[in-house]
Amino acid sequence: MGQRTTEIIVGLFMLAGLAALLFLALQVSGLSPQSSGDRYTLYANFNDTGGLAPRGKVSMAGVTIGTIESITLDKETFQARVAMSIQQDVDNIPSDSAAVIRTSGILGEQYIDISIGGDLESLKAGDAFYSTQSAMNLERMISNFASGR
Amino acid sequence: MMDRIAAFGRVGIETIASFGRASQFLAGVVGGVPKPSVGFPLLIRQLYAVGVLSLAIVVVSGLFIGMVLGLQGYTILSDFGSEAAIGQMIALTLVRELAPVVTALLFAGRAGSALTAEIGLMKATEQLSSMEMMGVDPLRRVIAPRLWAGFLAMPVLAMIFSVVGVIGGMLVGVEWLGVFEGSYWGNMQASVDFVDDVVNGIIKSVVFGFVCAWIAVYQGYDCVPTSAGISSATTKTVVYSSLAVLGLDFVLTAVMFGNF
């Protein structure tokens with residue numbers, strides 16, 4: 001086979017590799033230019049984050065509007081402090097909204113759902129949610145029920 | 001008794017010496033990159049032999065592994081009523097683990113053994129020493145293009161493996177078993193992260209490609225120049241490459257996904 005043909009076939013091979021990389025980036029990992037757009041950070045303090053993990057989703061009315069950035073322990077209040085990065089175009093979350101940890105499905109992963117309040121003021125970058133609701137812990141609920149508390 | 005102990009020691013020393021020779025050899029190859037005008041056509045020819053000709057086996061195995069993952073995953077996940085998570089299971093398994101590892105094993109069997117046999121035969125028929133006589137460095141002319149070709153072809157093959165596997169999983173999961181297509185892709189995109197999963201998988205395959213190509217060309221270059229020597233060098237290539245890939249995979253997985 002001539003050198004020219006080999007070159008073309010190898011070129012096609014490398015292009016196939018590039019196409020595979022694009023497919024993995026766009027279709028498999030859902031990397032889209034817009035999703036890494038402008039974001040701002042909100043905080044929420046929880047007594048118990050349960051199985052919440054970084055990269056988990058933050059949603060409002062079932063629509064994903066951001067991701068969980070980090071979960072750290074506040075050493076003064078002994079609460080978990082969750083940082084969430086919210087898409088910039090969702091900039092009118094009422095300031096009395098509540099952050100609630102929910103589970104998708106019965107075995108699914110946990111996420112933060114924002115239940116909307118009625119305040120006219122909205123949360124700005126760096127603000128924290130005033131009211132939060134921790135993860136539902138089935139074991140604790142059953143033991144509370146059994147001991148009658 | 002003393003003879004046995006001596007033989008045991010000799011094996012140990014021989015192993016260490018062979019590691020030393022392999023590292024020296026690697027330094028010689030990586031240091032001696034040929035001129036682009038000469039080296040590039042040689043690299044292209046080796047990329048064809050090592051990469052393009054391995055494509056068929058990689059695509060076919062990728063397709064079937066993806067289909068088997070789809071079938072197995074569906075059977076297990078439907079017990080929990082969460083068969084929609086099949087896309088995420090297939091994609092994470094393939095991108096993180098199976099694509100780099102299985103491609104490296106196939107690569108060692110398909111391309112690595114061929115490289116060893118080719119270089120070993122060149123040594124046995126004294127082509128390498130006649131090159132030296134003509135003032136051509138065989139490390140640059142013969143070995144370096146093959147090493148670089150393995151290094152470059154492996155990540156490309158692994159990415160193609162992932163893509164074909166994901167499509168194979170979709171064929172079984174969505175087209176045959178009737179998982180909703182939107183949740184197949186949606187769950188996948190929600191759980192696969194480009195940097196954490198895809199890029200780490202590619203890093204794995206780069207490491208495996210380098211190790212497999214290194215072992216293959218070294219075994220060929222270092223073989224005993226007889227037919228029995230070539231056959232044992234080819235066997236060693238496949239065995240050592242597979243062991244190195246599986247061992248390194250554990251180390252890399254612990255570093256990348258171990259969370260500590």
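**Domains of chain A**

I looked up how far apart the two domains of chain A lie: their centres, taken over C-alpha atoms, are separated by 41 Å. The model I am reading is a predicted one. The division puts residues 1-31 in domain 1 and residues 39-138 in domain 2.

I then took one pair of residues in chain A. Leu22(A) and Thr72(A) are 50 residues apart in sequence, and their C-alpha atoms are 34 Å apart in space. Leu22(A) belongs to helix H1 of chain A. I noted Leu22(A) as partly exposed, because 13 other C-beta atoms lie within 10 Å, while a buried residue needs 20 or more.

**Where chain A touches chain B**

Which element of chain A gives the most to the side that touches chain B? I first noted the two sides of the contact: 23 residues come from chain A and 27 residues from chain B. On the side of chain A, helix H1 (residues 3-28) gives the most, with 16 residues. Sorted by class, that side of chain A holds 13 nonpolar, seven polar and three charged residues.

I searched chain A for positive phi angles outside glycine. Ala61(A) has one, at about 55°, and sits in the loop between strand S2 (57-60) and strand S3 (63-74). Ala61(A) counts as exposed because it has 9 C-beta neighbours inside 10 Å, and the limit for exposed is 12 or fewer.

Phe78(A) also has a positive phi, about 55°, without being a glycine. I found Phe78(A) in the loop between S3 and strand S4 (79-87) of chain A. Is Phe78(A) buried or exposed? With 8 other C-beta atoms within 10 Å, Phe78(A) is exposed.

Next I checked helix H2 (residues 138-146) of chain A. Gly148(A) follows H2(A) and has a positive phi near 75°.

**Chain B as a whole**

I counted nine helices and zero strands in chain B. The C-alpha trace of chain B spans about 70 × 55 × 35 Å along its principal axes. Chain B has 260 residues, and 43% of them are buried. Of the contacts in chain B with a separation of 6 or more, 87% join residues 24 or more positions apart.

I also read the UniProt record, an unreviewed entry. It annotates "transmembrane region" over residues 47-69, 89-108, 147-178, 198-217 and 238-257 of chain B. I checked two of these stretches in the model. Residues 147-178 of chain B are 94% helix and 0% strand, with end C-alpha atoms 45 Å apart. Residues 238-257 of chain B are 100% helix and 0% strand, and the end C-alpha atoms are 27 Å apart.

**A helix pair in chain B**

At what angle do helix H6 (residues 138-176) and helix H8 (residues 194-221) of chain B cross? I read roughly 150°, with the axes coming within 8 Å. The crossing of H6(B) past H8(B) is right-handed.

I went through the residues that meet. On the H6(B) side they include Leu147(B), Gly150(B), Phe151(B) and Met154(B). On the H8(B) side, Val206(B), Gly209(B), Phe210(B) and Ala213(B) are among them. By class, this contact has 18 nonpolar, three polar and one charged residues. Arg146(B) is one of the residues H6(B) brings to the contact.

Key
Residues are numbered from 1 along each chain as its sequence is written. Chains are lettered from A and ligands numbered from 1 in the order in which they are written. This is a predicted model: local features need pLDDT of at least 70, side-chain atom pairs count only at pLDDT 80 or more; totals for chains, interfaces and linings use all residues. Domain bounds come from an automatic or database domain assignment. Two residues are in contact if their C-beta atoms, placed from the backbone, lie within 7 Å. Helices (H or I, at least four residues) and strands (E, at least two) are DSSP runs, numbered from the N terminus. Ala, Val, Leu, Ile, Met, Phe, Trp, Tyr, Cys and Pro count as nonpolar, Asp, Glu, Lys and Arg as charged, and the others, Gly among them, as polar. Axes are lines fitted to C-alpha atoms, for helices over the stretch in contact, and angles run from 0 to 180 degrees between N-to-C directions. A crossing is left-handed if the near helix is turned anticlockwise from the far one by less than a right angle, and right-handed if clockwise. UniProt positions are given in the numbering used here, feature names are shortened, and annotations may be inferred rather than shown by experiment.
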